[in-house]
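Visitor: I would like to learn how to read a structure like this one. Please take me through it a feature at a time.

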Amino acid sequence: MKKPILSLLAGILSIGFAEVQIGSEAPDFELSNVKGEKVSLKSFAGKVTVLEWNNPGCPFVKKFYATGKMQTLQGKVAKQGGVWLSINSSANGKQGSMEAKEAQSLLKKLKFSGTEYLFDRDGKVGKIYGAKTTPHIY
């Protein structure tokens, strides 16, 4: 099933430079979640799916989560039957990089309401989607 691409950042439409064109089919990917399980985009076929690039060290990410605004958006998506996938593309040793246990603890503290928190340590998925800043939401 084709999934249209729409890029939203804090409610403002933004068009980035990516291999993916707005309105085109979303490229599938498979990433590990905080439990070490593999999660693929295609497993959510037929559902509205939000992709949020997340770097917990980013001041803007911190602000949106500290105020509860991101969790509110996640809850709204879930109530409408949608899926929220937060993707951390931080490379090992770089700002925002975390081990799974650290991420689990942080997500609990933040009252994360998304469907999955995924790791893209080599940044391949982020590059395909043109995610260069955080939060960047498609």
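Visitor: How many bridges join β5 to β6, and do they run parallel or antiparallel?

Guide: Some conventions come before the count: this is a predicted model, in which local features need pLDDT of at least 70 and side-chain atom pairs count only at pLDDT 80 or more, while totals for chains, interfaces and linings use all residues. Residues are numbered from 1 along each chain as its sequence is written, and side-chain values use heavy atoms, with hydrogens and water left out. Helices (H or I, at least four residues) and strands (E, at least two) are DSSP runs, numbered from the N terminus. Two strands pair if DSSP finds at least two bridges between them. Here β5 and β6 are joined by 5 bridges and run parallel.

Visitor: Which residue of β6 is the bridge partner of glutamate 52?

Guide: The partner in β6 is serine 86. Glutamate 52 also has a bridge partner in β8, isoleucine 137. The pairing of β5 with β8 (residues 136-137) is antiparallel, over 2 bridges.

Visitor: How many helices and strands are in the chain, and in what order do the elements run?

Guide: The chain has 4 helices and 8 strands. Starting at the N terminus, the order is β-β-β-β-β-α-α-β-α-β-α-β.

Visitor: Which strands does β3 pair with?

Guide: One is β4: β3 (residues 30-33) and β4 (residues 38-40) run antiparallel and are joined by 3 bridges. Their hairpin has 4 residues between the strands, and glycine 36 in that hairpin takes a positive phi near 85 degrees. Another is β7 (residues 116-119), antiparallel to β3 over 2 bridges. Serine 32 can be followed in both pairings: its bridge partner is lysine 38 in β4 and phenylalanine 119 in β7.

Visitor: Are the residues of β5 buried or exposed?

Guide: Buried means under 20% relative accessible area, exposed over 50%, and partly exposed in between (1.4 Å probe, protein chains only). In β5, 5 of the 5 residues are buried, so the strand is largely enclosed by the rest of the structure. Thr49, Leu51 and Trp53 point one way, while Val50 and Glu52 point the other way. For the chain, buried residues make up 43% of the 138 residues.

Visitor: Which residues of the largest nonpolar core touch the most other members?

Guide: In soluble globular proteins, nonpolar side chains tend to be buried together. A nonpolar core is a set of buried Ala, Val, Leu, Ile, Met, Phe, Trp, Tyr and Cys residues joined through side-chain atoms within 4.5 Å. The largest one here has 17 residues, and Phe29, Leu51, Trp53, Leu85 and Tyr129 touch the most other members. Two or more residues come from each of β5 (49-53), β6 (83-88) and α4 (124-129). The element that gives the most is β6, with 3 residues. A second, separate core has 15 residues, including Cys58, Tyr65, Trp84 and Phe112.

Visitor: How many aromatic pairs does the count come to?

Guide: Rings of Phe, Tyr and Trp (its six-membered ring) pair if their centres lie within 6.5 Å; planes under 30 degrees apart count as stacked, over 60 as edge-to-face and the rest as tilted. The count comes to 6 aromatic pairs. In one of them, phenylalanine 29 and tyrosine 129 have ring centres 6.2 Å apart and planes at 90 degrees, so the pair is edge-to-face. Phenylalanine 29 lies in the loop between β2 (12-13) and β3, and tyrosine 129 lies in helix α4, 100 residues apart. Both phenylalanine 29 and tyrosine 129 are buried. Ring pairs also link Phe29, Trp53, Tyr129 and Tyr138 into a cluster.

Visitor: Which residues form the salt bridge, and how far apart are the closest N and O atoms?

Guide: Side chains of opposite charge can pair when their charged atoms come close. A salt bridge is a side-chain nitrogen of Lys or Arg within 4 Å of a carboxyl oxygen of Asp or Glu. The structure holds 1 salt bridge. It joins lysine 124 to aspartate 122, with the closest N and O atoms 3.9 Å apart. Lysine 124 counts as exposed, at 56% relative accessibility, and aspartate 122 is partly exposed, at 49%.
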